[in-house]
Amino acid sequence: MRKKIVAGNWKMNLSAEEALTLANELKVKIDHQLDTKDPKIPNGLPQILLFPPNVYLSRVLEVFRNYEGVAVGVQNIHQEEKGAFTGEVSPLMVRSLGGTHTLIGHSERRIHFNEDDELLAKKIALAVKNGLTPVYCCGEMLPDRETGKHFQLVSEQLKKGVFWMDEQEVKNIIIAYEPVWAIGTGQTASPEQAQEMHAYLRELINDHYSKKTAEEMTILYGGSCNAKNAAELFAQKDVDGGLIGGASLKADDFFTIIQSF
Ligand code: PGA
């Protein structure tokens, strides 16, 4: 059975104090659900991924040390392991701190930092080489959807970004479908629109790899997913959880989303 995942992308928000408060509030809620047989595994919860700003990575990791159900990662990495790249952070650094995941190709990176699929493929390769699990984001802009190009566009993002990997490697990638028109806008894709695109993505994986791999890969939905609409979105057959922005900044809302399966 494929993994259910709820991920929180804190983006460039929160002071250090606020970030720690949020992490600790979440921890208290998770502690209430600990499995008595194995206290490290939150009982009945999906895998939880947290993506704080880089400067808070080690502190958030510290809060969740020994919590197998909670993994912490970064929102972006550089495509080189080390060197003269002022201001950048490499997957090797993230891994050496204990970070396990990285977002790759979030639309805000594609739009504001001109990251294209070729560059993102390099980032994925280096992340995997250094033992980080990439969460690869794809999704169309509103004009693409309005002109019926959304399937083709997302298909290209997936093919160029991910389909160069072999079948064994690709199984470790998490896909996040995030329609850009829904991100931070309060306008969510309808459950039908989300399901339609997720089924399409799974079909592409099926065609390129195999039915088994398509069935095993986790595909998250992102874009104004919140405490009110998460259950309906997560009830869709091919939606395995969410990548949550705004609503991940409030422990109550984020935990409601975590419990929405
Ligand atoms: P949002 O962001 O939930 O605030 O729309 C989602 C994302 O960008 O990952």
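Student: Is the crossing of α5 and α7 left-handed or right-handed?
Tutor: This is a predicted model, in which local features need pLDDT of at least 70 and side-chain atom pairs pLDDT 80 or more, while totals for chains, interfaces and linings use all residues. Residues are numbered from 1 along each chain, and side-chain values use heavy atoms, without hydrogens or water. The axes of α5 (residues 117–129) and α7 come within 8 Å. With the near helix turned clockwise from the far one by less than a right angle, the crossing of α5 and α7 is right-handed.

Student: At what angle do α7 and α9 pack?
Tutor: Helix α7 covers residues 150–161 and helix α9 residues 191–208, with axes 11 Å apart. The crossing of α7 and α9 is right-handed. The two helices pack at an angle of about 45 degrees.

Student: Which residue has a side-chain N or O atom 2.6 Å from an oxygen atom of the ligand?
Tutor: Among the 13 residues around the ligand, those that come nearest include K11, E178 and S224. The side-chain atom at 2.6 Å belongs to H106.

Student: How much of the area that the ligand exposes when taken alone does the protein bury?
Tutor: By class, the shell around the ligand has four nonpolar, seven polar and two charged residues, with Gly counted as polar. Taken alone, the ligand exposes 280 Å² (Shrake-Rupley method, 1.4 Å probe). The share of this area buried by the protein is 95%.

Key
Near = heavy atom within 4 Å. Polar contact = N/O pair within 3.5 Å; in protein donor to acceptor, adjacent residues only side chain to side chain. Axes fitted to C-alpha atoms, helices over the stretch in contact; angles between N-to-C directions. Helix = DSSP H or I, 4+ residues; strand = E, 2+ residues; numbered from the N terminus.
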